Amino acid sequence: MTIAVAVSGGVDSLLCLALLREEGEDVLAVHGRFQDQDAAGPSLADLCASLGVPYLELDLRREFEERVVRPFVRAYLAGETPNPCAACNPGIKFGVLLDRAAERGADRLATGHYVRLENGRLLRGIDARKDQSYFLSLVPAERLERAVFPLGERTKDEVRAELARRGLTAPVPRESREICFVPGDDYRAFLEGRGEPLPDGGPVLLEDGRVLGRHRGLWRHTQGQRRGLGLSWPEPLYVLDKDPGRNALVVGPRASLESPGCLLRGVNRLVPLTHWPEVVLVQTRYRQKARSGLWEETGDGLRLRFLEPQGRPTPGQIGALYTPEGAVLAGGVIAG
């Protein structure tokens, strides 16, 4: 069996490669080139050669543009706040990259995600600070069956220590904390630089319809935002919703941010509904503690009702459902 290891140049994927090679696995290092600027490629090729590991670089710039970047832009222009990392995993890493690696004889794909697979179930990684199961909740079950996650039982500190013990240095040691294709994490400047027509501004409304001012484009705002609204009001105001139909930005006090539930569309079920508990844990943001909720299957997705106070979910983000033990039940895109 040949295991393709998706190598980015970072510490996580490098340790995955080293661990699997030491275990005697037949490994193939695969680097996906997603953007024009890619400094990791040449260094990775040299590193893999020094380890005696075959190296394959795949030019996936066109696929990345079509499956990740363009949907990201369309979602913002439609009034949503998309999650490109969650889209990249099913569409690129466990999509086209896995398929291309399979064409070269690979049976499975290993990545540096901090998650676990046990008896076919996707579970949170041991390191709660780095757990990435939320971002993998949209990957279909048949794709996860071909996945290998060597870091699920390790912490980030252990990964760095194990690399140092082996005398290995990652070509890209700094960990990225932003959207990889958006320079400086400034998505507004990125959208403006695309050269595409951007929607004009419109009214800023309270929930009762009173007009407080005007915004300069819904795409400039996201739910929960407080700063940069340019409004004068007796108490702090937050973005509650974006109404593309009226091109209106709806704002209100902090108390109005709480939500009774949400709807998920495009649901990816990793566990049959017959095996779901009545009460599940719901996570609607990456850096958020999952909270209890009830679920109901509807004609257009899953309707969730929160049992604990929770901030208003953001349309376009991901809603992931878990068991109390940390197994992922499903993931879907928040529709409202």
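Biologist: Let's start with asparagine 119. Buried or exposed?
Modeller: Exposed. Its relative accessibility is 81%, and anything over 50% counts as exposed. Bear in mind that this is a predicted model.

Biologist: Where does asparagine 119 lie?
Modeller: In the loop between strand 5 (115-118) and strand 6 (121-124).

Biologist: And what about the phi of asparagine 119?
Modeller: Asparagine 119 has a positive phi, about 55 degrees, although the residue is not a glycine. Aspartate 185 is another non-glycine with a positive phi, in that case about 60 degrees.

Biologist: OK, which loop holds aspartate 185?
Modeller: The loop between helix 6 (156-166) and helix 7 (187-193). Aspartate 185 has a relative accessible area of 41%, so it counts as partly exposed.

Biologist: Let's zoom out. How many helices and strands are there in the protein?
Modeller: Seven helices and 17 strands.

Biologist: What does the radius of gyration say?
Modeller: The protein comes out at 21 Å. A compact globule with 336 residues would be near 20 Å, so the value agrees with that. Along the principal axes, the C-alpha atoms fill a box of roughly 65 × 45 × 35 Å.

Biologist: How much of the protein counts as buried?
Modeller: 50% of the 336 residues. The protein exposes about 16,100 Å², with carbon and sulfur atoms supplying 48% of that area.

Biologist: And the contacts, what share comes from residues 24 or more positions apart?
Modeller: 66%, counting contacts with a separation of 6 or more.

Biologist: Switching to helices 3 and 4. At what angle do their axes cross?
Modeller: Roughly 170 degrees, and the axes of helix 3 (residues 61-77) and helix 4 (residues 84-103) come within 10 Å. That angle makes helix 3 roughly antiparallel to helix 4.

Biologist: Which residues meet there?
Modeller: From helix 3 you have Glu63, Phe64, Arg67, Val68 and Phe72. On the helix 4 side they meet Pro84, Cys88, Gly91, Ile92, Val96 and Arg100. By type, the residues of this contact divide into seven nonpolar, one polar and three charged.

Biologist: Why does valine 96 count as buried?
Modeller: Because its relative accessibility is 7%, and buried means under 20%.

Biologist: What does valine 96 touch?
Modeller: Leaving out residues up to four places away in sequence, valine 96 touches Leu60, Glu63, Arg67 and Gly91.

Biologist: New topic, serine 137. Where is the place of that one?
Modeller: In the loop between strand 6 and helix 5 (141-144). Serine 137 is buried, with a relative accessible area of 0%.

Biologist: Which residues does serine 137 touch?
Modeller: Not counting residues up to four places away in sequence, serine 137 touches Asn268, Leu270, Ile318, Ala320, Val328, Ala330 and Gly331. As for phenylalanine 149, 12 residues apart from serine 137 along the chain, the C-alpha atoms of the two are separated by 14 Å.

Biologist: Last one, threonine 323. Buried or exposed?
Modeller: Buried, because its relative accessibility is 10%. Threonine 323 lies in the loop between strand 16 (318-322) and strand 17 (328-334).

Biologist: And which residues does threonine 323 touch?
Modeller: Leu281 and Leu329, again not counting residues up to four places away in sequence.

Terms used:
Residues numbered from 1 in each chain as written. Predicted model: local features only at pLDDT ≥ 70, side-chain atom pairs only at ≥ 80, totals over all residues. Heavy atoms only, no water. Helix = DSSP H or I, 4+ residues; strand = E, 2+ residues; numbered from the N terminus. Buried < 20%, exposed > 50% of the residue type's maximum accessible area, 1.4 Å probe, protein only. Contact = heavy atoms within 4.5 Å. Axes fitted to C-alpha atoms, helices over the stretch in contact; angles between N-to-C directions. Parallel < 35°, antiparallel > 145°, perpendicular 65-115°, else oblique. Nonpolar A, V, L, I, M, F, W, Y, C, P; charged D, E, K, R; others polar. Rg over C-alpha atoms; globule rule 2.2 N^0.38 Å. Areas by Shrake-Rupley, 256 points an atom, 1.4 Å probe, with all protein chains shown as cover.
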